[in-house]
Amino acid sequence: MENILHLGEPFTNALKYATDLHAAQVRKGTAGIGGEGTPAIPYVAHLLAVTAIVLEHGGTQTQAIAALLHDAVEDHGGLPRLAEIEARFGAEVAHIVEACTDGDRQVETSWRDRKIAYVRHLPGESAEVLLVSASDKRHNAQAILDDLRAAKQHADAEAATVAEHSLWARFKPGRGATLRYYEALSDAYLSAPATLTHPGLNRLVAEFAHVVAELSAEAGGND
């Protein structure tokens, strides 16, 4: 009999929960990406993409649920939201979500300090946490790379420059710091002992490192 992962009612509930929670959010800078006048991409598209990456690299239903909810605490309510997630979906899901949370936006912390703390904790995390975290960053990095390549395809050089500038303007720290952050993430995932013991995570981390290298090269380095 074929070994199939069945996604049951907890996953369905989490999908609805995440869709309702992030209903008003969109992906930054995506208005018009499908052509002039097209709407911005709903944020739930990112959550679905991250969940797909998790499942395609050997993730469990628990990790898939955590992938759907990985931005819930950061974007929608901090610790009270985390407590609700634990009550609804269990302690293991809540643990993964907490470990994937890049600070609490209700607490004043600099972008740099949040990113340093996030990168530093990764090597000591479990494969379960790292698979969700790396799936999130993999999708983000690929989206930036795709948008950067699209910006450079403008026939008019001035238009290409404006489009590329607009892309990096989405990120408060700018091009160089953003690229250095993704390079640091790649190094952290590669150095994590858990990466060596989980074949799907190992493959995902290699894919992420490749995308980050391509992004850095396409952007002209991180200076």
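Author: Let us start with α3. This is a predicted model. In it, 6 of the 8 residues of α3 are buried, so this helix is largely enclosed by the rest of the structure.

Reader: Which residues of α3 are buried?

Author: They are Gln63, Ala64, Ile65, Ala66, Ala67 and Leu68. Buried means under 20% relative accessible area.

Reader: What do the buried residues of α3 pack against?

Author: Their partners are α1, α2 (44–56), α5, α6 and α8 (127–152).

Reader: Take the first of those partners. What makes α1 roughly parallel to α3?

Author: The angle between α1 and α3 is about 5°. Angles under 35 degrees count as roughly parallel. That makes α1 roughly parallel to α3. Their axes are 9 Å apart.

Reader: Which residues make the contact of α1 and α3?

Author: From α1 come Pro10, Phe11, Ala14, Leu15 and Ala18. From α3 come Gln61, Ala64, Ile65 and Leu68. By class, this contact of α1 with α3 has 8 nonpolar residues, 1 polar residue and no charged ones.

Reader: Why are α1 and α5 called roughly antiparallel?

Author: Helix α1 (residues 9–21) packs on helix α5 (residues 78–89) at about 155°. Angles over 145 degrees count as roughly antiparallel. The pair α1 and α5 is therefore roughly antiparallel. Here the axes are 11 Å apart, and α1 passes α5 in a right-handed crossing.

Reader: Which residues of α1 and α5 make that contact?

Author: On α1 they are Pro10, Asn13, Ala14, Tyr17 and Leu21. On α5 they are Arg81, Glu84, Ile85, Arg88 and Phe89. The classes in the contact of α1 with α5 are 6 nonpolar, 1 polar and 3 charged.

Reader: Now α5 and α6. How do their axes cross?

Author: At roughly 145°, with the axes of α5 and helix α6 (residues 91–100) coming within 7 Å. The crossing of α5 past α6 is right-handed.

Reader: What makes up the contact of α5 with α6?

Author: Leu82, Ile85, Glu86 and Phe89 of α5 meet Ala91, Val93, Ala94, Val97 and Glu98 of α6. By class, this contact of α5 with α6 has 7 nonpolar, no polar and 2 charged residues.

Reader: Which residues of α6 are buried, and what do they pack against?

Author: The buried ones are Val93, Ala94, Ile96, Val97, Ala99 and Cys100. They pack against α3, α4, α5, α7 (111–121) and α8.

Reader: Next, His70. Where is it, and why is it called buried or exposed?

Author: His70 sits in the loop between α3 (61–68) and α4 (72–75). Its relative accessible area is 1%. The cut-off for buried is under 20%. So His70 is buried.

Reader: What does the side chain of His70 reach?

Author: The backbone oxygen of Ala67, at 2.6 Å. A polar contact needs a pair of N or O atoms within 3.5 Å.

Reader: Which residues is His70 in contact with, leaving aside neighbours within four places in sequence?

Author: His46, Leu47, Val50, Val97, Cys100, Thr101, Val132 and Asp136.

Reader: Val50 is on that list. How do you know whether Val50 is buried or exposed?

Author: Val50 lies in helix α2. Its relative accessibility is 0%. Under 20% is the requirement for buried. Val50 therefore counts as buried.

Reader: What does Val50 touch, not counting residues up to four places away in sequence?

Author: Ala67, His70, Val132, Ser135, Asp136 and His139.

Reader: And Ser135: what makes it buried or exposed?

Author: Ser135 is found in helix α8. Its relative accessibility is 0%. Leaving aside neighbours within four places in sequence, its contacts are Val50, Ile53, Val54 and Leu204.

Reader: Last, Glu164. How far apart are Glu164 and Ala150 in sequence and in space?

Author: They are 14 residues apart in sequence and 8.9 Å apart in space, C-alpha to C-alpha. Glu164 lies in helix α9 (residues 157–169). Beyond its neighbours within four places in sequence, Glu164 is in contact with Leu148, Ala151 and Lys152.

Notes
Residues are numbered from 1 along each chain as its sequence is written. This is a predicted model: local features need pLDDT of at least 70, side-chain atom pairs count only at pLDDT 80 or more; totals for chains, interfaces and linings use all residues. Side-chain values use heavy atoms; hydrogens and water are left out. Axes are lines fitted to C-alpha atoms, for helices over the stretch in contact, and angles run from 0 to 180 degrees between N-to-C directions. Helices (H or I, at least four residues) and strands (E, at least two) are DSSP runs, numbered from the N terminus. Angles under 35 degrees count as roughly parallel, over 145 as roughly antiparallel, 65 to 115 as roughly perpendicular and the rest as oblique. A crossing is left-handed if the near helix is turned anticlockwise from the far one by less than a right angle, and right-handed if clockwise. Contact means heavy atoms within 4.5 Å. Ala, Val, Leu, Ile, Met, Phe, Trp, Tyr, Cys and Pro count as nonpolar, Asp, Glu, Lys and Arg as charged, and the others, Gly among them, as polar. Buried means under 20% relative accessible area, exposed over 50%, partly exposed in between (1.4 Å probe, protein chains only). A polar contact is a pair of N or O atoms within 3.5 Å; within protein, one must be able to donate a hydrogen and the other to accept it, and residues adjacent in sequence count only if both atoms are side-chain atoms.
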